[in-house]
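Subject: Structure for you to look at

Hello,

Here is the structure I said I would pass on. Please open it first, then read the notes below next to it.

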Amino acid sequence: MTNRQPAYQPSTTDSSRPRLRNSLRNSQRNSLGNSLGANRGRGPGGRAASAAALLGVLALTACGSGSGGAAGATAGEKVDGGTIRYAHLQEPPCIYGGWVQQAYLSRQVLDSLVSQTEDGSIVPWLAEEWSVSEDQLTWTFKLKEGVKFTDGTPVDAQAVSDNFDYWTSGGNGTVQAYIQEYYESSKAVDAGTLEVKLSAPYSPLLSALSQGYFGIQSAAALEERTEQQNCEAPIGSGPFTVGEWKRGESVTFNQNPDYNSAPQNAKHQGPAYVDSVVWSFVQDNTSRFGSLASGESDAIGEVPTVDFETAKSQFQVQQYITPGRPVTLSLNTVEGPFADTKVRQAFAYSADRKAVVDSAFLGVVPFEPNGTVSQSTPGYNTDIADDYPFDQAKANALLDDAGWTQRNADGVRTKDGQELAVDIAFGLNSIVTTEGATALQNLQEQVKPVGFKVNLVPVTQADLFGGTYSTPDSYDAQLGYWTSPTAGILYINFRQNTAKNPNYANTAFYNNAEIEDLILKANSAASPEEANTFYAQAQQRLSDEAVAVGLYTQTSTVATSQNLQDVWLEASQGEPVFHDAFFTE
Amino acid sequence: MTATLEHTAITGTLRQELLKVRNLNVSFSTGRGRDARLTHVVKDVDLRLAAGECLAIVGESGSGKSVTARTLVGLPGANASVQAERLELAGHRIGTLGERQWRRLRGKDIGFVLQDALVSLDPLRPVGKEIEEALRLHGWGTTRSRAARAVELLASVGVPQPELRAGQRPDELSGGLRQRALIASAIALDPKILIADEPTTALDVTVQAQILELLGRMKERGTGIVLISHDLSVVATLADHVAVMQGGAIVEQGPARQVLYHPQHDYTRALLDAIPSEHTKGTPLSKDGRARITATSRRPRTTRPADAPVLRAEGLVKSYQGHDGVVRTVVDGVSFELRAGETLGIVGESGSGKSTTAKMALAMLEPDAGRVLLDGAAWTGISTAARRSRRRSVTVVYQDPLSSFDPRWNAERILLDALARQDYPGEAERAAQVRELAGQVGLQVEHLAKHPLQLSGGQRQRLAIARALAPEPEVIVLDEAVSALDVSVQAQVLDLLTDLQQELGLSYLFISHDLGVIHHMSDRVLVMKDGRAVEQGSAEDVFNHPRHPYTRELLASLPQLGLAPGQRNPPAAAGTPTTEGAHS
Amino acid sequence: MSTLKHNTGLLLQDPAHDGGASAAGGGTGGAANHPGRRRPRPNNLLTSPGLRRAGGRLLTAVGVVWAAATFTFLIQALLPGDRATLLLNQLAGQVQQRTAAELAPINAKYGFDDPLIAQYFRFLGDLATGNLGVSYQLHKPVTEVIGDQVGPTIGLTFASLLVAWLISAVVIAGTARRSRMVSSVASGLEAVAAGLPQYWLGVILLVVFALNLGWFPVVGGTGLDGLVLPALTLGIPLAGFLGQVTRTEFEKGMDQPFALSARMRGMGDIGVRLRHVLRHSVLPGVTLSGWALGSLFSGAVIAESIFSRPGLGKVLVTAVNSRDLPVVCGIVILIAAIYVLANLLVDIAYTLIDPRLKNS
Amino acid sequence: MSTSTLNTSANVPAVAWQRLREVPLLPAVAAAVVLFFVVAALAPHLLTSRDPFAIDLPNALQAPSLAHPFGTDQSGRDLYTRVVYGTRESLLIGLGATGLSMAIAVVLGVVSGLGGKIFDGLINRSLEVLFAFPVLLLAMLFVTVYGPSVTTQIVAVGLGTAPGYARMIRGQVLAVKNSGYVEAAHALGHSRWTVLRQHVFPNAMRPLVAVVTLGIGQSIVWASGLAFLGLGVAPPSPEWGALLDAGRMFITRAWWLEVMPGLAIVAIALAATVLGHHLQKKLEGARS
């Protein structure tokens, strides 16, 4: 089928290019919603949108040839049709929803208004062009013409407007977390023109809209069908439609033969090359990789670290490093030994964290020295990497300074009879993977020589999410992460926690007015560069205070067999895209 | 040997020889490696049998009679090695048969009937199916014709309503019927030889008589029967030839009349003499030395008029509600008196309520109606605490002594436990008394250290008696106390009981199904049937002048060795006493 | 000859039974001569004892289910942490405290604010009307959640039981009371099988037979070829257990006179083993099966997780971890019901295998 | 053979050897295995000189060799040492769970067996309910409430396995209560309490020795099953279930991480079973 999609044409309205501003105003509380999903088994939770330029999609292919995707093929004849058997880690309760696992699935059936490219720029998708008013409160989107939902209704401005209303009236909690406080109204100016009114300027709007949570569904379907139907088989205008969902086993996506609305950064326009995708859920790492090795699957997500080397030598592997807060230890700055800055700094010095991580993840997942922002986030402060090298002498000096001068029989430092013992709480198998747990065990051993005694406290999912380990008296350090498209995540994690305006996301319980001020300055900065300067300063201050100790980044990977080409990870959340994929012979 | 040859000479010419065994030896290997041992259990056995005859192999437990019988069908057991000069059965040389050939022979040419049909027929299947199986295994008929044949066979062995019975399982049939069904399955293909291993042992005496009659009819029809039994009186009614086995060898063999009435071998004589009956009353059954019994009581004996009852039961009634909600009256209005120094025998078949009566006499069970008086004072209907101090006056010996001993205790501990503490305050005194008791019942000091399991059946029963004696009782209830014992051991135990009674002035409530034993032991007899005392009186009266028809039936069913008393040596003249003979 | 009366069989402990329990040559000719004051018992199941038994069984079943539900309710209600916080954090994947304003709507929606006793009675009331509630996580009626997933689990459970029985029956019938060598090797294998941790066995089976040898699919799915390894994973350890209890009984059976009787009417050793003794030896195994069914049902989670099978086990673990009370309760009640049902089946199997038990 | 000739000092080893030869091979091996693990539990340092927690990152994931008989794990820790040191917790779980289970079972079983109709009925009903909770399910619910630790594993597995034992003990108590020797003791006029103390308790509890042995192995297997579901003892504890759970992901790359701890579990469970059966046979042999 040939491409019936009209080529993208520049719009004649003003501000045809989006103006990107990574600013978050202090009034914009909760502007960066988080989407970490509950996640048993292998743990990475949801990932929020990235409006960043620094997306780390690394393509790793067989024999190191090419850069993945189509180029990586040892090439063969392209075959039309076929069924892609893809094995995924986790099965969400619904296809569409606010959890990243749902975005993975809904990305296959829903189109969004805009798409984000690997370099962080925003390109047209359902919206051909857009503009924002001078006061940044009114956004106007021009929609592609001739696009239909798979139930036959047109994708017009009214339908998109209805979607906005649906999201903000409780249809999607994560969407609400992103835009609820800014969204005022939307209306169809005409069939092809949508106007969205905000109550305050919100520059990350476009990158937010590029995420799977913001997929546009058929307004008629939303209206007429039951909640359960919309949960299990949402109707969009995407490259696939939901076929059968065998719970606990697989979802079948069938090709949408009339597809004409691929994003501009897609590799082709028109319907998907394959007939269908059988998206199965294989939680066991060994089995998932085994299914690829045995040919039962054509592609798998979340390549197990132990099999990563094998995968790279035999299959096409792509890895995506999520922006936002990396997996990091938040140190309890109000109670226990870590209330003392010197002890926190000593702790950061006392372990060879890179070795700890490289060993636990077999070198697959990058070490992240920065405890507050990950390396793929715009505004990442690269200087911080060298702030706390492995230096036991410094650690010892700092601890002596802090008064932890005695040692008991086990070599643990003491002060006034108190042991230098710290409890690290971590949600094993929910937040932290087995590899992460190994990293913690390595860390535990590494900090022993300087006199730290680390107690690892694995927390069950019920305890964890039930809030048992969320108060200052319940842990000395807590392992967690928070994916987000910008360094604005700092605002969420380090805004002061006051009685009047509590911020329970501040898991270090760290209140510092100066740092908060830096973050606020960044949020209201005029340009991304300016914002990033302030963010960098804030990161430096937080690093100096050793509020959090960085360990590793969250990643998302996909491995495809050699005869399946052009599977790619989209840039907002790292979801695999099968629209362009085809088999070769 | 001479007897055997004579026997051959008479029968060999007249009838078809079905069985020729010469020099049969069977041994079992046990243990492994260096511990491997060879146990020789059948030694140089010669046997012959002609059609229409019955050969009885008689012996006590462990004599090798069952192994001999099983060897004849090629199933001596695991790890057995069989050697014989000659082994011929129904015209087949069976010494060299392979398993397949054996299978063709078994059931077709040789039938085999085991002891208890309740467990010798598959308890989970209808008896008809078992009979059909015998037919099927030898390719007889079709499914339908086999079913019909099974019914015919049941009818032929005297099972009433054979169609109904064929569909019932062994547990749904009475003991007699299922034994008949078992026989039917063994003779389904009309084998030339029927080997019956203790075919009547588990049966009541009236039923036993019927089964023996059935076997007799088969013999008349020309079937050769090998009858294995421990019971000489059973053998007497059926056997033409008798072989007496002891320790794996045949000690005496010959025509039945000769062996039973003119036994040559000491062992045979001892066996015969050991059988309690009317004639043995008042005489010792065994030739063992008398036990050394001295009254060592520390308590003054209750003095009472000579014929005053020690134990008196008045109108005892006991009923049980079964699982199906139906109430069964097990004991119905039984009264009796047990006088000092006498033995009251209670006799009856299984289910007659005699053991329940014994339990009430022991006050282990409260009667629903009626009462028991001990020395004129209430013994039932009082509190457990009130009874406890008088418990020592009435003790008990059970049929199965093993289960009545705590498996963790040795003999000494068992006896110590039974001693009245207040009578023997010191440890040394108690130990001495235990040895005294052991001596009284004929146990050696070294037996005291042993656990019941390590004792022989007779020793166990002696231990049980010693335990019953320990509290210095006035009454001992003996509930089938000798039923499980071999006849020679039974003889010793009965003698011991008699001696003890004489020396210690004990009163016995003696319960048994065995009329001979009851006759031998009892001064007075109570006959029970279906929970009722149908007849009561002196042993003399009851046995010689039975009034109740049931008593007469019982006595008529009893296989009697002494059918022709004159032909048997009177016990008093039973050869010279020797030290040989039965050991427990 | 005494007239025939219905026999109580061996299993009644009838004190009227003369001569003590063991009748080694004593005067016990079975129980045929029991006093005859007894009405013949009809064998119809629908008569009052049968009805009473069925009624009692039903009551027990309801009791078991009620107790299981109550227990589950309590255990879930008493879990540490606040349930509303849990739901919110789970939706967001965060570990933090929540503000009262955030919690209020959740508490209102699920009635977490009501007194526990009120929640309990509401829960029981719903239960009585067959309403198991709606899953907190799946937003779907629990009956539907269970209905979707119960099929593969039941299939796996029964396949495992079947595998276990086949293996143990074949091994037992083939090896019991054979030479010392054979039977000790076989019973050694049984002990090994019984001691095998299921998950460990499963992983090894997966790696060897699916990944390395490629005989079976790595991702099992619900197909028949995907059922083999999971069923073996659960079935082999169970076969070890069954083997251990069955072997003892089988050896006892081989020593029974009826086995000798059968040999003596011309039956071969194999025939005796299969036609007579096996049936006698399965009763304890059948009892074990009733228990095993419940155990397999919950053990299915292990096989499901290793072999990536759909099924209730996975749902259960997820629900327990996320405190999806309605789903947990639903599954617990289902397992309790299956246990009750399994025991009913066991009882029926009992009387089929050993008709003597019908009367006791 | 006369013993006096053998009773010379020169023949003592011969006699000992003779004795030893009489011990059946399988139970002897099983006893040796159990002994090994008991030593490992009580004094692990006797069996290995390494530290079970000491990481050695450059030597991670080494295959079994002379230096590391079981290989090393992803942090370079010696797996053999970890298995040895893990014995204590695993055995503790096995013993604790079985002990707890037995304690509950003995109380319930004895009360049920002796307590008359009402108690018996009540306890039987409650057992019926407990039976409806398979061990794994009960343990799962329990660990979810109280969090994963050695204690919760003990309690969870103990509770889960108790009803089976309780029923067995009840049967045992009833059997002994109705036995000939108890009747005989009553007939001798002993008081109820004396009979209970002298006969019922000791005899009813006698077979438990074997059952306990069997139970320990099974408890360890159950507990490690919980670890598999992520409900086990926390890392870096070398508890066997935890080792298995951690090793699972390496199965294709470092099989020893999964196989070796698994073999340890199988070994102890098997040894316990063999010993249990041996004891059972001996006890039964002593009875009949």
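Begin with chain C, where the centres of domain 1 and domain 2, taken over C-alpha atoms, are separated by 33 Å. Please keep in mind that this is a predicted model. The domain assignment places domain 1 of chain C at residues 51-128 and domain 2 of chain C at 142-359. Where the two meet, 13 residues of domain 1 of chain C are in contact with eleven residues of domain 2 of chain C. On the domain 1 side, the elements that give two or more residues are helix 1 (48-77) and helix 2 (83-92) of chain C. Helix 1 of chain C supplies the largest share of that side, with nine residues. Sorted by class, the side of domain 1 of chain C that touches domain 2 of chain C has eight nonpolar, three polar and two charged residues.

Next, the core. The largest nonpolar core has 521 residues, and L509(B), I331(C) and A139(D) have the most contacts inside it. Both domain 1 and domain 2 of chain C give residues to this core, so it lies between them. As for A139(D), leaving out residues up to four places away in sequence, it touches A156(D), V157(D), G160(D), W222(D) and L226(D).

Chain D has twelve helices and zero strands. Of its 288 residues, 55% count as buried. If you take the contacts in chain D between residues at least 6 apart in sequence, 65% of them join residues at least 24 apart.

One helix pair in chain D can be described in detail. Helix 3 (residues 25-42) and helix 4 (residues 79-114) of chain D pack at an angle of about 95°, and their axes are 7 Å apart. Helix 3 of chain D is therefore roughly perpendicular to helix 4 of chain D. F37(D), A40(D) and A41(D) of helix 3 make the contact with V84(D), T87(D), R88(D) and L91(D) of helix 4. These contact residues divide into five nonpolar, one polar and one charged.

Apart from neighbours within four places in sequence, D352(A) is in contact with F390(A) and Q446(A). D352(A) and D391(A) are 39 residues apart in sequence, and their C-alpha atoms are 8.1 Å apart in space.

Regards

How values were computed:
Residues numbered from 1 in each chain as written. Chains lettered and ligands numbered in written order. Predicted model: local features only at pLDDT ≥ 70, side-chain atom pairs only at ≥ 80, totals over all residues. Axes fitted to C-alpha atoms, helices over the stretch in contact; angles between N-to-C directions. Helix = DSSP H or I, 4+ residues; strand = E, 2+ residues; numbered from the N terminus. Parallel < 35°, antiparallel > 145°, perpendicular 65-115°, else oblique. Contact = placed C-beta atoms within 7 Å. Nonpolar A, V, L, I, M, F, W, Y, C, P; charged D, E, K, R; others polar. Core = buried A, V, L, I, M, F, W, Y, C linked by C-beta atoms within 7 Å. Buried ≥ 20, exposed ≤ 12 C-beta atoms within 10 Å, placed from the backbone. Domains from an automatic or database assignment.
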